[in-house]
Amino acid sequence: MIVILNPDTRPDSRECAAVLDFLRAKPGITPRVHHVTGTQQVLTEIYLVGDTASLDRDEIESLPDVERVVRVSREYRVLGRHRDDTRAYGFTYNGIRFDQDSLHVFAGLCAVDTREHVEQMMQALQQNGQQCTRMGAYKPRTSPYSFQGLGASCLPWIFELAGKYDIKVMAMEVTHDSHVDEIMQALEAAGRPTGVMLQIGTRNTQNFELLKTVGRQQELPVLIKRGFGITIDESLNAAEYLASEGNRKVIFCLRGMKSNLGDPHRNFVDFTHVPVVKHLTLMPVCIDPSHSVGTRNRSSDGLMDLMHATAQGVIAGANMVLVDFHPAPHKALVDGPQALHLDELEIFLQDVDIARKAYIERRALAERLPQH
Ligand code: PEP
Ligand code: MN
């Protein structure tokens with residue numbers, strides 16, 4: 001059960017304390033306060049854990065300073081979309097708004113290799129009006145002998161260049177608790193010229209201790225990828241770990257499932273789940289066409305499979321696109337074969353725009369759809 005207090009009731013206020021006292025007096029109930037600072041107002045929500053079936057919703061709703069009570073109908077309490085649940089969700093990070101209506105492209109390097117490549121990438125992004133990117137510094141690799149990423153040593157110059165090219169948010173995977181501290185320290189040392197969205201890769205979707213660490217810090221948003229061999233429910237529960245620890249700035253990323261049934265694609269593309277995740281949860285949904293499709297193959301119509309997959313996700317309402325680009329894919333140390341070239345960026349973005357316009361037109365149809 002979620003008790004939503006009137007807007008602008010602060011968690012440290014007397015009003016909130018009075019509601020908490022009332023709830024704590026109920027046997028077997030533990031209240032936990034969540035605090036959301038939105039663009040317009042401060043929202044305080046109290047999550048109730050324990051025997052909530054015995055609670056009287058009307059009684060709680062009649063308390064002064066309680067706006068509404070939502071009965072939790074899913075396991076993912078914080079991130080789930082419950083019945084009669086019209087909670088506002090979404091967040092603004094470093095000036096960029098993320099919610100289930102927005103759309104941002106995060107084109108960039110799968111793995112950071114040289115300063116020149118990072119600079120060329122960011123320059124191309126700026127020329128194309130982009131303020132988000134992806135930059136892999138810590139790479140989880142199948143073989144211990146493969147390039148593992150430059151790690152903390154590249155952070156100072158990536159952040160410096162991001163400031164130079166006005167990059168506001170970069171997605172960066174972390175595979176260990178210590179990476180979070182390294183990123184925070186490097187951001188601080190660089191004078192916060194940019195922002196970082198911590199990425200949990202598909203191999204770590206159920207690394208619960210990592211999820212707890214990343215969830216405990218509430219400054220940096222988190223992009224969590226769907227586990228490549230687990231159910232959607234298991235992956236959404238993994239996302240809930242982040243929120244249950246306090247970080248609600250969470251975006252969920254579809255990146256294809258490991259299955260030979262998807263051959264010749266690298267993974268079985270699962271972007272039909274974009275509307276499913278939006279229906280089940282409040283999270284913005286990202287698609288990663290690069291790691292799903294895994295090749296630059298072109299269809300008989302001349303468009304790459306990767307562009308088709310992107311368009312399919314965007315026309316279904318995706319809120320973010322994470323996509324590999326590289327100034328010289330043949331020199332890339334990780335995932336070169338799936339990287340797009342910089343001179344393909346403009347066309348890629350145009351294709352995204354076409355699909356987005358079609359989605360917006362399609363969305364208007366919803367109003368005319370009979371309610372059966
Ligand atoms: C990545 O985005 O660089 C990556 C490793 O992706 P995934 O975790 O989906 O394999
Ligand atoms: Mn990759």
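I counted two strands as paired if DSSP finds at least two bridges between them. Helices (H or I, at least four residues) and strands (E, at least two) are DSSP runs, numbered from the N terminus.

The model is predicted, with local features needing pLDDT of at least 70 and side-chain atom pairs counting only at pLDDT 80 or more, while totals for chains, interfaces and linings use all residues. Residues are numbered from 1 along each chain as its sequence is written, chains are lettered from A and ligands numbered from 1 in the order in which they are written, and side-chain values use heavy atoms, without hydrogens and water.

Entry 1, strand S12. I looked up its partners. S12 (residues 250-254) runs parallel to strand S11 (residues 222-225), joined by four bridges; Lys225 has Cys253 as its bridge partner in S12. Strand S13 (residues 285-287) also pairs with S12 in the parallel sense, over three bridges, and there Cys253 has Cys286 as its partner.

Helix H7 (residues 232-244) forms a right-handed β-α-β unit with S11 and S12. Right-handed means that, with the strands pointing away from the viewer, the path from the first strand over the helix to the second runs clockwise. S12, helix H8 (residues 274-280) and S13 make another right-handed unit.

Is S12 buried or exposed? Five of its five residues are buried (under 20% relative accessible area, 1.4 Å probe, protein chains only; exposed is over 50%, partly exposed in between). Val250, Phe252 and Leu254 point one way, Ile251 and Cys253 the other.

Entry 2, the open sheet. Four strands lie in the order S2-S3-S1-S4, with antiparallel pairing. S2 (29-37) and S4 (66-70) each have a single partner strand, so one side of each lacks a neighbour in the sheet.
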